[in-house]
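Let's take a walk through this two-chain model. Have a look at the sequence and the structure first, and then we'll go over how the pieces pack.

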Amino acid sequence: MKISEKKALKRESILQTALQLFATQGFHKTTIPDIAGKLKMSVGNLYNYFSSKDILAQEIIKYTSESLGEKIREVNDTDASAEEKIHQIVTIYFTMAKEKPEMIEYFLRVYLSNREVFSDGCEGMICVSGFITEIMVFFDDGVSSGELRNQDFFSAFGLFMGYLGGMVFLKGEEVLPQEIEFYIDDISRNIYNALKA
Amino acid sequence: MSKPKLLWLQSITCNGNTHSFLNHPELFSILAHFELIHHPVLESDYSFQEVIEGSVPCDVLILEGSFVQEGFLKAGVEVSSVIEHYAKRAKDIITVGTCATFGGIFKQKEPDKISGFAFDIEEKTARYKEYASKLISLPGCPIHPRWLSFVLLMITNGKKVEIDELHRPVELYGYTVHMGCTRNEYFEWKVDVKNFGLKEGCLFYEQGCQAPYTRGSCNKILWNDTSSKTRVGTPCFGCTEPSFPKTSLFTTKTNMGIPAKMPLGVPRRAYLTLTGVTKSFKIKRFSERLLEYDK
């Protein structure tokens with residue numbers, strides 16, 4: 001293994017550990033020594049990878065957005081219908097919420113709740129563009145093929161992602177009577193019915 | 001040394017390219033390099049009667065207008081036969097305008113029968129093979145007079161005109177109309193033009209501008225040596241493209257706000273990623289009137 005590969009792996013493990021701690025303990029309650037301690041590395045060395053807690057927080061949102069974007073890209077690259085793709089995207093999102101809850105929790109409870117941390121460097125959609133771009137591609141394909149109704153991007157985006165985010169938030173609050181995957185079929189159908197041409 | 005003999009023939013045309021060329025500030029000094037055998041509106045050495053008899057000389061043949069193999073006659077003679085007669089003899093053939101090159105506006109009348117001389121939209125016509133070695137395409141509706149003078153002067157100076165696969169000179173069509181547009185900063189920062197007549201804003205997002213994917217040098221070689229469509233606030237209609245004419249020229253087709261056609265050669269994901277980033281910023285200078293910003 002080359003040094004650069006080793007460093008990349010270390011970088012990713014820091015991102016994942018910090019993501020978990022931020023998502024569970026909260027951003028402000030988590031310190032850099034907490035993260036370093038969990039990774040059994042020195043605080044000084046961690047700063048070699050990320051120069052501040054804010055920058056680490058910003059890199060995490062890019063990391064989660066790209067990781068989700070890559071999965072949606074695989075769906076976009078298939079010949080499936082828009083209806084099928086909606087089902088697959090909902091499945092990806094809810095599966096991630098179940099298997100890697102920290103990913104979505106981070107988005108909802110750190111990124112959306114601590115805007116001051118992201119105001120310089122993660123303005124607007126900059127740090128979530130990996131994910132947003134794939135949603136745009138999905139909408140563009142859906143309208144081009146005639147399956148989805150042409151409308152303003154944000155009215156469609158808000159309906160789709162607001163809905164999914166809301167459900168995962170409810171899951172995090174432990175108010176959902178059923179497991180999250182129970183809702184995949186109905187929610188996919190609702191989204192499709194709302195967006196179809 | 002004798003001058004190359006220039007013959008300008010028309011098929012189904014509105015005379016747009018003829019008239020555009022008359023706007024060339026150095027028209028007569030350019031024509032002075034040639035012996036003008038026949039021209040639709042300028043004084044020339046031979047009559048049209050002599051032209052259709054097939055008896056006049058021709059080195060450089062300029063063709064204007066869409067083509068139909070049968071049914072378009074002048075003085076009782078099929079125009080296509082007159083053109084092919086001289087096309088065989090010419091050393092260079094220049095199709096001027098989108099009609100002569102790809103079919104253009106007049107193709108719309110009978111799309112199955114009418115085409116350009118050597119191309120039918122982007123497909124090669126049956127006569128392409130015979131004339132390909134001496135063919136230069138100058139699409140545009142109309143062409144800029146300097147595009148034609150560039151080619152004519154290259155020919156008369158014995159220089160090779162580099163061309164692309166549709167036989168367009170790369171010196172003229174290697175550019176997009178977008179390149180050189182004074183609204184480029186607004187394109188970069190995704191700021192729409194808010195109304196007609198404004199200097200501020202890009203016409204690509206809402207007003208139908210096709211400049212980012214249209215080949216041509218309209219913003220490099222300015223019209224009337226002064227300006228261009230996009231500079232004055234009219235969207236580019238894509239008039240040099242094989243697909244010209246399109247409809248709804250003042251509206252950008254979008255899918256949920258995303259332009260249905262991307263700038264030339266730009267992958268959709270690259271474009272969308274950049275859009276997401278630039279739209280995240282509001283730059284004060286681009287939200288104000290140009291002439292009032294520093295006041």
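Two residues are in contact here if their C-beta atoms, placed from the backbone, lie within 7 Å. On that basis, the contact between the chains takes 18 residues from chain A and 14 residues from chain B. This is a predicted model, where local features need pLDDT of at least 70 and side-chain atom pairs count only at pLDDT 80 or more, while totals for chains, interfaces and linings use all residues. Residues are numbered from 1 along each chain as its sequence is written, and chains are lettered from A and ligands numbered from 1 in the order in which they are written.

Helices (H or I, at least four residues) and strands (E, at least two) are DSSP runs, numbered from the N terminus. On the side of chain A that touches chain B, helix H8 (129–144) and helix H9 (153–172) of chain A are the elements that give two or more residues. H8(A) has the largest share, with nine residues. By class, that side of chain A holds nine nonpolar, six polar and three charged residues (Ala, Val, Leu, Ile, Met, Phe, Trp, Tyr, Cys and Pro count as nonpolar, Asp, Glu, Lys and Arg as charged, and the others, Gly among them, as polar).

Axes are lines fitted to C-alpha atoms, for helices over the stretch in contact, and angles run from 0 to 180 degrees between N-to-C directions.

| H4(A) (53–76) and H5(A) (82–99) | within 10 Å | roughly 155° | six nonpolar, one polar, two charged |

Over to chain B. Two strands pair if DSSP finds at least two bridges between them. Five strands of chain B make an open, parallel sheet in the order E2-E1-E3-E6-E9. Strands E2 (35–38) and E9 (135–138) of chain B are its edges, each pairing on one side only. Neighbouring strands are turned by 20° against each other on average, direction ignored. E6(B) (92–96) and E9(B) pair in the parallel sense over four bridges, and B:Thr95 stands opposite B:Ser137 in E9(B). Helix H8 (145–156) of chain B packs on the sheet, touching E3, E6 and E9 of chain B, and its direction makes about 160° with that of E9(B). Helix H4 (79–89) of chain B lies across E1, E3 and E6 of chain B, running at about 155° to E1(B).

How is chain B divided into domains? The assignment, automatic or from a database, gives domain 1 (5–172) and domain 2 (175–285). Their centres, taken over C-alpha atoms, are separated by 30 Å. Across the boundary, 16 residues of domain 1 of chain B are in contact with 13 residues of domain 2 of chain B.
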